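Subject: Structure handover

Hello,

Here is the structure I promised to pass on. Please open it first, then read my notes below.

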Amino acid sequence: MQPGTVEVKDIPTPKPAFGEVLVRVLAALTCGTDLKAFVRGHPMIPMPGLFGHEFSGIVEEAGIGVRSFKPGDEVMSVHTAPCQECPYCAMKLYNLCENIMHTKILGAFAEQIIIPQHIVMQNLLHKPPQLSFSEAAFLEPLACVVHGMRGLNIKKGDSVLIIGTGSIGLLHLLLAKLKGARVMITGLERERLETARHLGADKITLPAQLVENIAILTAGLGFDYVFECTGQVTVWEDAVNYTRRGGTVILFGGCKQGTVASYNTYRIHYDEITLKGIFHFTPADVKESYKLLSDGMINVTSLISGNYPLEKIHEPFEKLSRGEGIKYAIMP
Ligand SMILES: [Zn+2]
Ligand SMILES: [Zn+2]
């Protein structure tokens, strides 16, 4: 199978083994990673293969040894959990666990999904009744954003630039506003910029006016924090120029494999710019994401551009590849 095609197949209902839980998926969200896989293939998503990793649902069957979940429980989950055995887990760098990517589950665009024991034990959570299933499915993408902001100490009044108006850029916006930052966001699509304005952005700008607006908004200094949420090498490189002296660039968007970015060494050295790579999340980030969603601190509903049944799964991906909409919910 080639990128650009999706097929829905009937397979036998899986049976949960010891420690596993079978979940009936009620909502699964499209994600930038899925879109990359759909358009060009993805190193972390084998093809042909299952996909979909942001989901929520109802427990259908719990395997032997599962104590915290029973049939009928409403749950939300992420698709990975650390092994707790490798050198990186020993260093508590759980997002960098050597096994986290090859023990992940894909296949949330399905009626049912098996949650393996290591995820059941660390990252499967009970969905609070006030959250819809689609909202609950934001647990994973929001955990990634929480991870990227952890340790940055963004305070009230700090200036933040977000480059990219996809769902990840917009989640950064919601979280930065929650911390009290002044946020400017830039992206190519006017409609998404309008959504950003509606979500609380202090300033929206097309890339063509970016430099001029940075000068106005930061009195010529540049931003305290710049979040790169596009995964384009040229944007990775440019992000450094929008940061003030002593500022931090957060490189969130993964670029194509094998790409190389280059930087002005004087800028990094004499202006003491921090470049920070960001990957994935830890169980602590999942818990914080859970709390933000459950407490209604982050309102994600306007990031969902529509709902589709599983049979029409190609439609939202075609829309996303044309830049239409932000995230779609598949309701199997
Ligand atoms: Zn995702
Ligand atoms: Zn590990």
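R192 and E189 form a salt bridge, with 3.5 Å between the closest N and O atoms. This is a predicted model, so please read every value here as computed. R192 has a relative accessible area of 14%, under the 20% cut-off, so R192 is buried. E189 is partly exposed, with a relative accessible area of 29%.

That bridge belongs to a wider set. How many salt bridges does the structure hold? The count is 16. Side chains of opposite charge can pair when their charged atoms come close.

Take D271 and R245 next. Their salt bridge brings the closest N and O atoms to 2.9 Å. D271 sits in the loop between α10 (265-270) and β11, while R245 is in strand β10 (residues 243-251), so the pair ties together parts that are 26 residues apart in sequence. D271 is buried, at a relative accessible area of 17%. R245 is exposed, at 57% relative accessibility.

E61 and K15 also meet through their side chains, in a salt bridge of 2.5 Å, N to O. This pair links distant parts of the chain. E61 is in strand β2, K15 is in the segment before β1 (21-29), and 46 residues separate them. E61 counts as partly exposed at 26% relative accessibility. K15 counts as exposed at 61%.

Now the metal site. Which residues coordinate the zinc ion (ligand 1)? They are C31 through SG, H53 through NE2, and E54 and E140 each through OE. The distances run from 2.0 to 2.8 Å. Along the chain, the donors follow the spacing C-x21-H-E-x85-E. H53 lies in the loop between α1 (32-40) and β2 (55-62), and E140 lies in helix α5, so this pair ties together parts that are 87 residues apart in sequence.

Why is the arrangement around the zinc ion (ligand 1) irregular? The 4 donor atoms subtend angles of 79 to 167°. A tetrahedral site would need all angles between 85 and 135 degrees.

Are H53 and E140 buried or exposed? H53 counts as buried at 4% relative accessibility. E140 is buried as well, with a relative accessible area of 5%.

H280 deserves a look of its own. It lies in the loop between β11 (274-277) and α11. H280 is buried, with a relative accessible area of 8%. Its side chain makes a polar contact of 2.8 Å with the side chain of T80. Leaving aside residues up to four places away in sequence, H280 touches H79, T80, N95, I100, M101, C144 and H147.

Last, the nonpolar cores. The largest has 50 residues, and V160 and F227 touch the most other members. Several elements give two or more residues to this core, among them α5 (139-149), β6 (159-163), β9 (223-228) and α11 (283-294). The largest share, 7 residues, comes from α5.

What does F227 touch, not counting residues up to four places away in sequence? Its contacts are M149, L152, I154, V160, L161, I162, I163, H172 and I250. A second, separate core has 31 residues, including V66, F69, L106 and I115.

Best wishes

Methods
Residues numbered from 1 in each chain as written. Chains lettered and ligands numbered in written order. Predicted model: local features only at pLDDT ≥ 70, side-chain atom pairs only at ≥ 80, totals over all residues. Heavy atoms only, no water. Core = buried A, V, L, I, M, F, W, Y, C linked by side-chain atoms within 4.5 Å. Buried < 20%, exposed > 50% of the residue type's maximum accessible area, 1.4 Å probe, protein only. Helix = DSSP H or I, 4+ residues; strand = E, 2+ residues; numbered from the N terminus. Contact = heavy atoms within 4.5 Å. Donors = N, O, S within 2.8 Å, 3.2 Å for Na, K, Ca; no water. Tetrahedral: all angles 85-135°; square planar, octahedral: opposite > 155°, others 65-115°. Polar contact = N/O pair within 3.5 Å; in protein donor to acceptor, adjacent residues only side chain to side chain. Salt bridge = Lys/Arg side-chain N within 4 Å of Asp/Glu carboxyl O.
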